[in-house]
Amino acid sequence: MVMEKLKVLHVDIGGCEGCNVSIIRAYPKLMDSVELDISYLRDGECMYDEYDVALITGGVCMNEPRIGEELKEIREKAKVVVAFGSCAALGGILRFCRGGQAPRPDHRNFQPINSVIEVDYSIPGCPPTPQMLQSFFKYFMAGNETRLRLFKVTAGVKKLSGFDLIDDVVLTGLCIGCGACELSCPTGAIKLIDKRPTLAQERCIRCGTCYIRCPRASQIICLGGVKT
């Protein structure tokens, strides 16, 4: 019996392209089960009117109504929406964007996509690894919601950073000194000193990767103890 492939739409609404590269790198091992409609591999409009999953990369600029409308159209087309990467999931480094000009309120309003539409799963990372996406689809197609719980509950979170990790895990004495935060930080903002994480504040890009990879912090999220 031949299983029907999942119809997956990828839409990028802005960012550094790192997440897009990660998706493309993950695709060879997904081709047997996923039909990926990605703008880099086609000309013109989307291939289908409806999709099983939409992967969205990039944060949404609240000054651009066109992006908000596009997200709402995607929400209607897709049964499941996944925010892929920290900009889409949590705002990430786009929270620092000022349009290259002097700070003005209208240049500082990038938000995660769950500020505009309902998101089913969020996969933070700057960028997430191809293996994370492959694992996501493996468990998604198996209907294993237990293994997807972290991504599910993160879909309701709007911001996470190294500051939250320090507040929630280090200062409370929950840290076990495993070093997952240091290894996962894409900017080297977190260093372990005597097995205790320290944060170089100016290097934290609010990607939330350290928080998601921390076994203690991810437990806090799954238990519903993280702010939204």
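**From values to terms**

Q: Which strands make up the open sheet, and in what order?
A: This is a predicted model. Its open sheet has five strands in the order 2-1-3-5-7, and their pairing is parallel. Strand 2 (34-38) and strand 7 form the edges. From one strand to the next, the twist averages 25 degrees.

Q: What makes strand 2 and strand 7 edge strands?
A: Each of them pairs on one side only.

Q: How do you know that strand 3 and strand 5 pair?
A: Pairing takes at least two bridges. Strand 3 (residues 51-57) and strand 5 (residues 78-84) are joined by five bridges and run parallel. Tyr 51, for instance, has Ala 78 in strand 5 as its bridge partner.

Q: Which helix lies across strand 1, strand 3 and strand 5?
A: Helix 2 (residues 65-77) does, with strand 1 spanning 6-12. Helix 2 runs at about 130 degrees to strand 5.

Q: Why is Asp 120 called buried?
A: The cut-off for buried is under 20% relative accessible area. Asp 120 has 14% relative accessibility, so Asp 120 counts as buried. Its place is the loop between strand 6 (110-111) and strand 7 (121-123).

Q: What makes the pairing of Asp 120 with Arg 75 a polar contact?
A: The limit is 3.5 Å between N or O atoms, one able to donate a hydrogen and the other to accept it. The two side chains make their polar contact at 3.0 Å. The side chain of Asp 120 also has a polar atom 2.7 Å from the backbone nitrogen of Val 81.

Q: Which residues beyond four places in sequence are in contact with Asp 120?
A: They are Arg 75, Lys 79, Val 80, Val 81, Phe 151, Lys 152 and Ala 155.

Q: Why are helix 1 and helix 4 called oblique to each other?
A: Two packed helices are described by the angle and the distance between their axes. Helix 1 (residues 18-26) and helix 4 (residues 130-142) have axes that come within 8 Å and cross at roughly 60 degrees. Roughly parallel needs an angle under 35 degrees, and roughly perpendicular starts at 65. Helix 1 and helix 4 are therefore oblique. The crossing is right-handed.

Q: Which residues of helix 1 and helix 4 meet?
A: Helix 1 brings Ser 22, Ile 23, Arg 25 and Ala 26. Helix 4 brings Pro 130, Leu 133 and Gln 134.

Q: What is omega at the cis peptide bond between Cys 126 and Pro 127?
A: Omega is about -10 degrees there. Pro 127 sits in the loop between strand 7 and helix 4.

Q: Why does Glu 17 count as partly exposed?
A: Partly exposed lies between the 20% limit for buried and the 50% limit for exposed. Glu 17 has 38% relative accessibility, so Glu 17 counts as partly exposed. The residue is in the loop between strand 1 and helix 1. Its phi is positive, about 85 degrees, although Glu 17 is not a glycine.

Q: What surrounds Glu 17, leaving aside neighbours within four places in sequence?
A: Glu 17 is in contact with Asp 12 and Tyr 40. Thr 57 is 40 residues away in sequence, yet the C-alpha to C-alpha distance is 8.6 Å. The side chain of Glu 17 also makes a polar contact with that of Asn 20, at 2.5 Å.

Q: Why does Lys 195 count as exposed?
A: Exposed means over 50%. Lys 195 has 64% relative accessibility, so Lys 195 counts as exposed. It lies in the loop between strand 8 (190-193) and strand 9 (196-199). Lys 195 has a positive phi too, near 65 degrees, and is not a glycine.

Q: How do you know that helix 6 is mostly covered?
A: Of the nine residues in helix 6 (residues 162-170), seven are buried. Among them are Leu 165, Ile 166 and Val 169. The cover includes helix 7 (180-184), strand 8, strand 9, helix 8 (209-213) and helix 9 (215-222).

Q: Which residue caps the N-terminal end of helix 6?
A: Ser 161 does, with a side-chain oxygen 3.1 Å from the backbone nitrogen of Phe 163.

Technical notes
Residues are numbered from 1 along each chain as its sequence is written. This is a predicted model: local features need pLDDT of at least 70, side-chain atom pairs count only at pLDDT 80 or more; totals for chains, interfaces and linings use all residues. Side-chain values use heavy atoms; hydrogens and water are left out. Helices (H or I, at least four residues) and strands (E, at least two) are DSSP runs, numbered from the N terminus. Buried means under 20% relative accessible area, exposed over 50%, partly exposed in between (1.4 Å probe, protein chains only). Contact means heavy atoms within 4.5 Å. Axes are lines fitted to C-alpha atoms, for helices over the stretch in contact, and angles run from 0 to 180 degrees between N-to-C directions. Angles under 35 degrees count as roughly parallel, over 145 as roughly antiparallel, 65 to 115 as roughly perpendicular and the rest as oblique. A crossing is left-handed if the near helix is turned anticlockwise from the far one by less than a right angle, and right-handed if clockwise.
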